[in-house]
Amino acid sequence: MAIRYFDGSYEEGGQYYEDIDSSLRPVFGTTNESWSPAILPFVCMAYEAYVLHYNAARFYTELKDRSLPRFGIAVGCSFAIAAAVYMAIASFGFLTFGGNCAGYILNNYSPYDPLAFVSRLAVGLAVLMAYPIVFFGVRDSVLDISEASLADELAKHHGLLTLALLAVLTFVALFVTDLGLINAVGGGLVTTPI
């Protein structure tokens, strides 16, 4: 993202400017009110960005030479790194596209841009690798919110529960393509109340 910001590929007359839809091209100089409901999806996404608390106990038990101070250091360092990455992505995305930033910023980039292609692959790989971690939390939460008798029955059929949840989530994924929407809804409905 930084390379494309500095090389001007997406500025008017740039290498990839004509490849993207006009609704995704850079727009600067517009003014917004100091407070607008348009900021709410971003707030929900910001909440969603730091969700993995439901796996905290699992992470703690897997920590080598675990202790609360060591776990606190690991969590603090992880959050600091995540915050720096999020700020860099948000900054370069906005500096490149201004008011036309899509909820999923890679949608702003040309399909012919090799760096954007590599970034899309990296995001896909990250989602693929993180999915089991997040899925454990979903599956455990389904068991936790079920009535005791149902939870015992579901636990007996662990494999069937896993397959059923994967089927439902895969079916939803076939129709929902906007990751920004997923983050906003997840952050707004699930994370904010917690």
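What follows is a walk through this structure, from its overall make-up to a few local details.

Please keep in mind that this is a predicted model, in which local features need pLDDT of at least 70 and side-chain atom pairs count only at pLDDT 80 or more, while totals for chains, interfaces and linings use all residues. Residues are numbered from 1 along each chain as its sequence is written, and side-chain values use heavy atoms, with hydrogens and water left out.

Let us begin with the whole protein. Its secondary structure comes to eight helices and zero strands, where helices (H or I, at least four residues) and strands (E, at least two) are DSSP runs numbered from the N terminus. Of the 194 residues in the protein, 22% are buried; buried means under 20% relative accessible area, exposed means over 50%, and partly exposed covers what lies in between, with a 1.4 Å probe and protein chains only. A contact means heavy atoms within 4.5 Å, and among the contacts with a separation of 6 or more, residues 24 or more positions apart account for 63%.

The buried residues of helix 4 are F71, G93, T96 and F97, and they pack against helix 1 and helix 3. Just after helix 4, G98 takes a positive phi of about 60°. G72 also has its place in helix 4, and this glycine is partly exposed, with a relative accessible area of 39%. Between G72 and Y60 there are 12 residues in sequence and 9.7 Å in space, C-alpha to C-alpha.

N108 is buried, with a relative accessible area of 0%. Not counting residues up to four places away in sequence, N108 touches Y10, I20, L24, F97, N100, C101 and A102.

Several of these names return in the largest nonpolar core, which has nine residues: Y10, Y16, I20, F97, Y104, I105, L106, Y109 and A116. Such a core is a set of buried Ala, Val, Leu, Ile, Met, Phe, Trp, Tyr and Cys residues joined through side-chain atoms within 4.5 Å.

Now for the aromatic rings. Rings of Phe, Tyr and Trp (its six-membered ring) pair if their centres lie within 6.5 Å, and planes under 30 degrees apart count as stacked, over 60 as edge-to-face and the rest as tilted. By this rule the count comes to 11 aromatic pairs. Y10 and Y16 form a stacked pair, because their ring centres are 5.5 Å apart and their planes are at 25°. Both Y10 and Y16 are buried. The rings of Y60 and F71 have their centres 5.4 Å apart and their planes at 85°, so this pair is edge-to-face. Y60 is partly exposed at a relative accessible area of 24%, whereas F71 counts as buried at 19%. Ring pairs also link Y10, Y16, F97 and Y109 into a cluster. Leaving aside neighbours within four places in sequence, Y16 is in contact with R4, S9, Y10, S110, Y112, D113 and P114.

R25 brings a charged side chain into the picture. This arginine lies in the loop between helix 1 (2-7) and helix 2 (40-49), and at 17% relative accessibility R25 counts as buried. Its side chain reaches the backbone oxygen of I20 at 3.1 Å. R25 also lies over the face of Y17, at 4.8 Å from the ring centre; a charge sits over a ring if NZ of Lys or CZ of Arg is within 6 Å of the ring centre and within 35 degrees of the ring normal. Beyond its neighbours within four places in sequence, R25 is in contact with Y17, E18, I20, F97 and N100.

D65 lies in the loop between helix 3 and helix 4, and its phi is near 50°, a positive value in a residue other than glycine. D65 is exposed, with a relative accessible area of 59%.

Note on methods: Polar contact = N/O pair within 3.5 Å; in protein donor to acceptor, adjacent residues only side chain to side chain.
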